[in-house]
Amino acid sequence: MDAASCSGVLSRAKLPVSNLHKFNQTLGSHIVSVSCQSSEGLNNVNRVSSQALAYTVRESYLCGPVQRRNPAGIFAAGVATYGENAVEYESHAHATEDKVGVLLLNLGGPDTLHDVQPFLFNLFADPDIIRLPRLFRFLQWPLAKLISVVRAPKSKEGYAAIGGGSPLRKITDEQAQALKTALEAKNLPVNVYVGMRYWYPFTEEAIQQIKREKITRLVVLPLYPQFSISTTGSSIRVLQNIFREDAYLSRLPVSIIRSWYQREGYINSMADLIQKELEKFQKPEEVMIFFSAHGVPVSYVEKAGDPYRDQMEECIYLIMQRLKDRGINNDHTLAYQSRVGPVKWLKPYTDEVLVELGQKGVKSLLAIPVSFVSEHIETLEEIDMEYKELALESGIENWGRVPALNCTPSFITDLADAVIEALPSASAMSAPKNISQEDDHDPVRYAIKMFFGSILAFVLFFSPRMINAFRNQLF
């Protein structure tokens, strides 16, 4: 039984949430195939197959409860100034009539140490993070509760080391404000919203504000450059469930930018940051460029068809090509961080590669967190503290780290261009009913599944082998 196949969203469960343990039921139901078009191919270097980009979530899952605290409200971006070299939005007839919204999607993070355990619960209650066989999906919430309680103390240590909470919400709010300003500079007035998957402000809250403000055309922009089931895919599932049940939302034209790692502006922004950090070394030409990406279980790629690994490798290739165009020909490597649980994750692993590089005589290394566009625990604690210490112990003498993009002007301008390019493809989201949904509404079939599932669950969960597995993997 693939009992704890924790996906590549949050490594090592260093994730946050609040001190109240109230179970509020959120979206109920099942994942369906994604129908909205992607505009990522416009003005981009596109070497990814259309089949990978048209990834469809095929399995149905039951969404779990969300542990919440008193809501802190939704962020709607304000104004500032931005953007030379702007690609202006051409004012078509519908542009003046539409009320355009942009929804930024991100992971979320605990605001305080008290938020850590509920945040972890929300994370592991996501069926795209722990993927249980259908017969055992009713165990999703109890399992999430168990893991979150056990892992919370260690996760709190990590958050305490970076100031007692995640900076992700603050940075994402700043990105939203900067994006709003950039779009207005391109003659496109918009409302920008932030929706987090596992903490405040939740995606559900952002969608309700979008509805209250009567947005008539929406662009959904996940702040994950590469697509994965566990990040963008999970958020799309939430949107599908919400939109399917609401008459207004089901008719709202929506465009989802599924991935954008190959966009020229993003590639240039990454190359700029790398080049700047390389210049800080005494001998820049000798520095090993070390890309560290968040990992996902191998089963996601090999069994579920997740395009994440292919897109990540493509992303690294494009960045290195851009650096070579500038005369930078350093050696580079890619590794995956943040694995957790007993299942196989994408290799090579970051910690193992760092040791190997030290043993091979590498003396200077520049770490690049390529999966992340905002600073958070996996950059500030895992890379800056744990991996740096490991690298120095392994013989690497000169360590550097490229900062996350955050609100880098060229990056924000490119996101604004991506929004403008996506607008014409907006269409109503359709969510065909899944056959398994009908099965769950059949009381006889449901009773049979619950009866035999409970027996098997009891045998598995209370067997000495399972108890030892949990003790070894969670502590």
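This section describes selected strands, helices and contacts of a predicted model.

Strand β3, which comprises residues 100-106, is considered first. Of its 7 residues, 7 are buried, so the strand is largely enclosed by the rest of the structure. The burial extends to both faces of β3: Val100, Val102, Leu104 and Asn106 are buried on one side, and Gly101, Leu103 and Leu105 are buried on the other. Strand β3 pairs with strand β5 (residues 217-222) in the parallel sense, and this pairing comprises 6 bridges. Within it, glycine 101 is placed opposite leucine 218 of β5. Strand β3 is also joined by 6 bridges to strand β4 (residues 191-196), again with the two strands running parallel. In that pairing, leucine 103 has tyrosine 193 of β4 as its bridge partner. In general terms, the strands of a sheet pair through backbone hydrogen bonds, in either a parallel or an antiparallel arrangement.

A further sheet is open and contains 4 strands in the order β8-β7-β9-β10, with parallel pairing. Its edge strands are β8 (332-337) and β10, each of which pairs on one side only. On average, neighbouring strands of this sheet are turned by 25 degrees against each other, direction ignored. Between β7 and β9, the parallel pairing extends over 5 bridges, and isoleucine 289 stands opposite leucine 366 in β9. Strand β9 is joined to β10 by 4 bridges, and these two strands likewise run parallel. Here the bridge partner of serine 364 is asparagine 398 in β10. As 6 of the 6 residues of β9 are buried, this strand is largely enclosed by the rest of the structure. The side chains of β9 are divided between two directions: Ser364, Leu366 and Ile368 point one way, whereas Leu365, Ala367 and Pro369 point the other way, and all are buried.

Helix α9 lies across β7, β9 and β10 and runs at about 155 degrees to β9. Helix α11 also packs on the sheet, where it touches β7 and β8, and its direction makes about 150 degrees with that of β8. The length of α9 (residues 264-278) can be compared with expectation: at 1.5 Å a residue, its 15 residues should span 21 Å, and the end C-alpha atoms are 21 Å apart, which agrees. The buried residues of α9 are Gly265, Tyr266, Ile267, Ser269, Met270, Ala271, Leu273, Ile274, Glu277 and Leu278. The elements covering these buried residues include β7 (288-294), α11 (308-325), β9 (364-369), β10 (398-401) and α14.

Helix α14 (residues 409-422) also takes part in a crossing with helix α5 (residues 168-185), in which the two axes come within 9 Å and cross at roughly 65 degrees. The crossing of α5 with α14 is right-handed. From α5, the residues Gln175, Ala178, Leu179, Ala182 and Leu183 meet Phe411, Ile412, Leu415, Ala416, Val419 and Ile420 of α14. This set of contact residues consists of 10 nonpolar, 1 polar and no charged residues.

Helix α6 (residues 203-212) is mostly covered, with 7 of its 10 residues buried. The buried residues are Thr203, Glu204, Glu205, Ala206, Ile207, Gln209 and Ile210. Just after α6, lysine 214 adopts a positive phi of about 55 degrees.

Finally, aspartate 331 is located in the loop between α11 and β8. Its relative accessibility is 55%, and aspartate 331 therefore counts as exposed, the threshold being over 50%. Aspartate 331 and phenylalanine 290 are separated by 41 residues in sequence, and their C-alpha atoms are 8.7 Å apart in space.

Terms used. Residues are numbered from 1 along each chain as its sequence is written. This is a predicted model: local features need pLDDT of at least 70, side-chain atom pairs count only at pLDDT 80 or more; totals for chains, interfaces and linings use all residues. Side-chain values use heavy atoms; hydrogens and water are left out. Buried means under 20% relative accessible area, exposed over 50%, partly exposed in between (1.4 Å probe, protein chains only). Two strands pair if DSSP finds at least two bridges between them. Axes are lines fitted to C-alpha atoms, for helices over the stretch in contact, and angles run from 0 to 180 degrees between N-to-C directions. A crossing is left-handed if the near helix is turned anticlockwise from the far one by less than a right angle, and right-handed if clockwise. Contact means heavy atoms within 4.5 Å. Ala, Val, Leu, Ile, Met, Phe, Trp, Tyr, Cys and Pro count as nonpolar, Asp, Glu, Lys and Arg as charged, and the others, Gly among them, as polar. The expected span of a helix is 1.5 Å times one less than its number of residues.
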